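Look at the chain below before reading on. Try to pick out its separate parts and the place where they meet.

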Amino acid sequence: MVDEVVRIVGGRTLAGAVAIAGAKNAGLPLLAASLLTDEEVVLHRVPELRDIGFMGDILQKLQGEFVHSGGTVRVRMENPRGNPDYDAVRLMRASVCVMGPLVARRGEVQIPLPGGCVLGARPIDLHLRGLERLGCSISLRNGLVHVAARRLRGANIFLGGRHGSTVTGTANVLCAAVLAEGITQIQSAACEPEVVDLCHLLCKMGARIDGIGSPTLTIEGVGRLHGAEHTLIPDRIEFGTFLLIALITHSDLVLPAIESVAHGALLDILAQAGASIEVGPERTFIRGSACELRPVELTTLPFPGFPTDLQAPMCALMTQAAGISVLTERVYPSRFSHVAELERMGGHILLEGPSAIVRGPTKLSGAPVTATELRGGACLYMAALAAEGESVIRGVEHVDRGYENFDAKLRSIGAVVERECLGQRLAP
Ligand code: EPU
């Protein structure tokens with residue numbers, strides 16, 4: 001892989017409208033759900049992202065047809081054969097989303113156990129416990145988890161863990177339960193809009209699911225599922241990131257209309273921070289130019305709480321608020337790899353257990369920095385856009401996993417963003 005870096009000249013005011021892509025974290029489990037049928041599944045508004053490409057590769061290696069063109073993916077998994085390999089899971093943890101669908105479809109799957117990552121330990125014990133309750137036998141050997149079931153049978157399953165519910169764990173158990181015999185009740189199911197989107201696709205494919213959007217899902221198993229066509233929900237984390245970009249650069253931006261239910265916690269925190277946001281039926285208008293930022297105290301929690309995926313971007317923003325902010329992580333207590341990088345740009349941040357204590361306002365200055373994960377990368381882009389002078393961000397491949405055309409979108413609203421291979425400038 002070519003090592004790319006991004007150069008950003010900060011301090012510019014941005015202006016204009018930004019389009020928001022389909023949600024990555026809906027796209028991945030929905031693509032995996034295509035394994036539940038031998039008919040074609042067509043998904044629209046699928047973002048062009050590295051992670052979506054990884055999932056496409058996995059489906060192709062399982063002998064399926066996968067075509068992504070103009071935002072539409074056509075997948076047909078007529079007779080899935082093989083198993084994801086270690087590299088697939090190492091490159092993208094969400095590869096585990098194929099586990100539930102594959103065991104439901106063909107009674108067996110073998111998948112490398114994902115290890116920890118930069119966000120922390122990230123076990124999959126809840127996924128496995130849920131599948132076990134449905135009648136799967138689970139064994140671990142040579143780093144591979146083998147999940148097998150002669151017959152899946154409905155069961156009562158509790159999916160809450162130390163850090164709350166599990167998003168991809170709920171997706172896995174749900175995908176297995178829709179083809180299980182009898183009734184399954186999942187308690188403490190994740191309520192994230194991306195799980196709701198998965199339920200909607202599954203229902204279009206013929207599944208019977210009650211309680212969609214609530215922590216208790218009741219599933220009546222069916223004999224088979226059929227093909228379906230579906231449009232992904234917009235990416236709420238990309239949307240939130242652009243709201244925060246408007247605020248950190250004191251810019252006025254126009255974003256598409258939103259379902260405010262999906263953004264309740266963010267809108268509430270931003271109101272406390274002094275932001276003025278007009279949420280209209282046609283568009284959302286954020287007036288960053290008129291905002292005197294105030295500090296906030298926030299805690300990340302499973303939906304409808306404040307999303308962990310916006311904690312790092314919020315950390316960048318709070319370096320500009322006048323006073324002390326406290327950002328506490330309850331989902332991934334060690335998701336703070338961005339903090340040391342923000343400090344290199346002049347941020348004053350103290351890490352105290354699972355909390356970042358940010359003292360602002362700080363004049364940030366451009367610096368070479370490194371992203372080690374997707375949202376930490378977005379946080380560094382934000383800091384660089386606000387900083388005086390030039391920043392060079394390494395590790396931008398993490399950002400490409402989850403933000404579609406991020407550089408081009410930023411340039412279209414006036415940011416100075418250039419990408420280059422180490423030693424060689426790339427045309428914008
Ligand atoms: N957990 C367990 N056991 C499990 C599963 C999870 O203890 O079996 C713990 C995790 O370690 C964590 C918490 O439960 O502390 C929540 O993890 P969850 O399983 O909900 O996370 P995930 O499904 O692996 C998805 C998103 C993440 C997002 C989290 C939390 C996808 C593909 N990924 O991950 O997205 O941060 O939910 O909302 O949907 C990102 O987009 O940057 C990203 C990391």
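This is a predicted model: local features need pLDDT of at least 70, side-chain atom pairs count only at pLDDT 80 or more; totals for chains, interfaces and linings use all residues.

Residues are numbered from 1 along each chain as its sequence is written, and side-chain values use heavy atoms, with hydrogens and water left out.

Start with the overall division. The chain splits into domain 1 (4–21 + 234–425) and domain 2 (24–231). These bounds come from an automatic or database domain assignment. The C-alpha centres of the two domains lie 30 Å apart.

Now turn to the interface. Here 26 residues of domain 1 are in contact with 22 residues of domain 2. Contact means heavy atoms within 4.5 Å. About 1,900 Å² is buried between the domains, and carbon and sulfur atoms give 53% of this area. Phe303, Tyr332 and Arg401 supply 31% of the area that domain 1 buries against domain 2, more than any other three residues. Buried area is the accessible area (1.4 Å probe) that two parts lose on being put together, summed over both.

Polar links cross the interface too. There are 10 residue pairs in polar contact between domain 1 and domain 2, both residues at pLDDT 80 or more. A polar contact is a pair of N or O atoms within 3.5 Å; within protein, one must be able to donate a hydrogen and the other to accept it, and residues adjacent in sequence count only if both atoms are side-chain atoms.

Next comes arginine 401. Where is arginine 401 placed? Arginine 401 sits in the loop between H13 and helix H14 (406–412). Helices (H or I, at least four residues) and strands (E, at least two) are DSSP runs, numbered from the N terminus. Arginine 401 counts as buried because its relative accessibility is 19%. Buried means under 20% relative accessible area, exposed over 50%, partly exposed in between (1.4 Å probe, protein chains only). Beyond its neighbours within four places in sequence, arginine 401 is in contact with residues including Lys24, Leu49 and Asp51. Its side chain reaches the backbone oxygen of leucine 91 at 3.0 Å.

Finally, look at helix H5 (residues 125–133). Its buried residues are Leu126, His127, Leu128, Gly130 and Leu131. Their cover includes helix H4 (99–106), strand S7 (137–141) and helix H6 (167–177). Just after H5, glycine 135 takes a positive phi of about 110 degrees.
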